[in-house]
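Hi everyone, thanks for making time this morning. Have the sequence and the model open, and let's walk through them together.

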Amino acid sequence: MMDEIQHLAEIYQQLTTDVQDLTQKLADLQVEGRAMKQQLATEGHLDLGSMTETLDTFASIEANNRLIDTLNSRYDAAVVRLAHAQLLVPQAYFAKMSLDYGDGPEAFYLGKVGYADVDAHDLVYDWRAPMADAYCANRTGATTYAANGREIPVEVVGRTQFVIDHARLIHAIDSRNAVGDPLLLAVLAQDRTGGLQEITATIQQEQNAIIRESQAPVVLVDGVAGSGKTSVMLQRVAYQLFQHRGDWSADQILIITLNPAFGQYIKGVLPSLGEAEAMTVTYPRLLNQFASRFGLEDMYPDDEQLAAIDAALAQPGKAFIGQVGQLAWDQSDASQSFLLRMQRVWRWLKATDQIPEDLEAWLDFDDFAQQFDLRKLSHLDRLYLLLKLTAYQQNELKSVFIDEAQDYPDAMWRVIRSIFARTELTIVGDPSQKLFGASVPIADYFADRRIVNRQLTTSYRATGAITATFAQYAGPHWAGQIKAVQAQGMAPMTIEPNQLAETLADFKASSTQSIAIITPDATEAEQLSQTIDGQLLTAISQKTVKPGINILPLTLAKGLEFDFVIVWHWQSDYYQDPEFGDKRRYVAASRGTKQLVFVEGPAGK
Ligand SMILES: Nc1ncnc2c1ncn2[C@@H]1O[C@H](COP(=O)(O)OP(=O)(O)OP(=O)(O)O)[C@@H](O)[C@H]1O
């Protein structure tokens, strides 16, 4: 322990000194940059007299450009180094691995980002580095890890977890002697302040496998409530950015979320991992972004017949539906599908520079509908048809992440499959949390791509008692499989509506704890907010969950979590629905981490 206290003191000292030095260095580089620009401006006349002078002038411009480039890259490197040092100051590392590559044990400290001293000696290793896999995968003894396509043999001799607060070493836990995972339990017992937190220091083995999955372009994760699906998804974003550093940037990653409130809830996780925020978008918004590219108007995601359009496109080609390209159509193979023939026309139009200005005016949508016995095409139908016929793909995005996958309709998967045909996809969901609509077999949409399926069955979020309660409603998909890691805690209670105020007072929640009152719908949330002093969250507001009381409908509470959860009108028709009742109860009861209260009613039911 003394050695570790000493080691931390040295690293902490180095980090804090570096923060000061780098801050100064950046200021100096800025001054130097300004001075250089001024100098170049005064020297910058072009001497284009004789041939030799011209060459000299060009050579000196070249040399100056190189100077500016060097200065810029020194500046950029200092910015990154400063950001990393600042990120590590509060917690320089969270674990130590002793690895033996054949010549005795060597210590490797793992942190949120890697950090080296000026002589390039690694002080802290990035948790995403290949050898850190042996730690995150919880391996001991002789093992291997993959690096640069090779399997590296190594013996994991020791593993220590640390709880660190700046220069203070609070705990050092030797994982070989520890019972369970004390650090995980300590982290899970913390208050929920409103936003999701990164989980780097306590990533579990089955989660690590998903975060680091690199074999297949499509990863489908099916996980019980509170199993860390969203957390794993965000850690995987950070992992992919690290794997492809220098190649991918955060703006090439897209996260599709069910609602804007959820986008707010996950905001901040990636920056806390030292990465830039990824883009988040809801499905309707994504559709509208594509629509505007094709000059189409507002999309209504529900107004569609995409399955029928796909079926029509697969049929042999009938009559041509475009204003230009008749010749290419006539020359195409009539035994081929309508889709292939139209795509051929499109390629020909492109090759001959005849792409019509207004794509919508190019195609006769009514003709198409009539040929294949379809209803009049909606805006979304038209967009989809245009996407398919022009073989449009969004290749600027490298990786797309979809959370709460079970809640998206068939049409969304058809669009996603089509536009992201070459993009990596990570899709996470829980079939038992489906609150509405027909269930869709997601894997079927990606049958032509390599898919890896993974399951998460341990629930981390809640106490044992809460987990056992929501597990009752988990349905056949998870029957008997849900495991809890936390202690039993308090049994859920049931109260009368008139006991609500008193129950809220009893919580004595601290200022960092969050309470949710979950209602069947937005109207009831609004009504309750008139008598209860709390923040109202509705589908249209983009507010974030806050410490204190939040009043919100179940559809918005999805994916979020709170210290205390009160489920309002537990006996309403909404929760008794023969098809979705259990699923709604499962989602509602799985939102709380510490305490769960059911409010009876409405009266008479
Ligand atoms: N390995 C871990 N270490 C620490 N905390 C974890 C870990 N895994 C999950 N958690 C915590 O458990 C809670 C649930 O995680 P998360 O919200 O990611 O689960 P989920 O599967 O997306 O849940 P749901 O489907 O119910 O919305 C979060 O508070 C998260 O921080």
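Two quick housekeeping points. Residues are numbered from 1 along each chain as its sequence is written. And this is a predicted model, where local features need pLDDT of at least 70, side-chain atom pairs count only at pLDDT 80 or more, and totals for chains, interfaces and linings use all residues. When I say helix or strand, I mean DSSP runs numbered from the N terminus: helices are H or I with at least four residues, strands are E with at least two.

UniProt, in an unreviewed entry, places a "coiled-coil region" at residues 5-39. UniProt positions are given in the numbering used here, feature names are shortened, and annotations may be inferred rather than shown by experiment. In the model, residues 5-39 are 100% helix and 0% strand, with the end C-alpha atoms 50 Å apart.

Next, some strands further along. For pairing, DSSP has to find at least two bridges between two strands. Strand β1 (residues 95-100) pairs antiparallel with β2 (residues 105-111) over six bridges, and also antiparallel with β6 (residues 150-165), again over six bridges.

Residues 202-463 are 42% helix and 13% strand in the model, and the end C-alpha atoms are 18 Å apart.

Six strands form an open, parallel sheet in the order β10-β9-β11-β12-β8-β13. Because β10 (279-282) and β13 (451-456) stand at the edges with a single partner strand each, one side of each is left without a neighbour in the sheet. Neighbouring strands of this sheet are turned by 20° against each other on average, direction ignored. β9 (residues 253-257) and β10 run parallel, joined by four bridges, and Thr257 has Thr282 in β10 as its bridge partner.

What packs on this sheet, touching β8, β9, β11, β12 and β13? That's α6, whose direction makes about 165° with that of β12. Contact here means C-beta atoms, placed from the backbone, within 7 Å. Axes are lines fitted to C-alpha atoms, for helices over the stretch in contact, and angles run from 0 to 180 degrees between N-to-C directions. Helix α9 (residues 283-293) lies across β9 and β10, running at about 95° to β10.

On to the other sheet. This one is open too, with six strands in parallel pairing, ordered β16-β21-β20-β17-β19-β18. Its edge strands, β16 (493-495) and β18 (535-536), each pair on one side only. Two bridges link β18 to β19 (residues 548-553) in the parallel sense, with Leu536 opposite Ile551 in β19. Helix α20 (residues 522-531) packs on the sheet, touching β17, β18 and β19, and its direction makes about 150° with that of β19.

Finally, the ligand. Which residues are closest among the 23 that surround it? They are Thr202, Ala225, Gly228, Lys229 and Ser231. Near, in this case, means that the C-beta atom, placed from the backbone, lies within 6 Å. Two elements give two or more residues to that shell, α4 (182-188) and α6 (229-243). Why does the ligand lie between domain 2 and domain 4? Because both domains give residues to the shell around the ligand.

How values were computed: Domain bounds come from an automatic or database domain assignment. Two residues are in contact if their C-beta atoms, placed from the backbone, lie within 7 Å.
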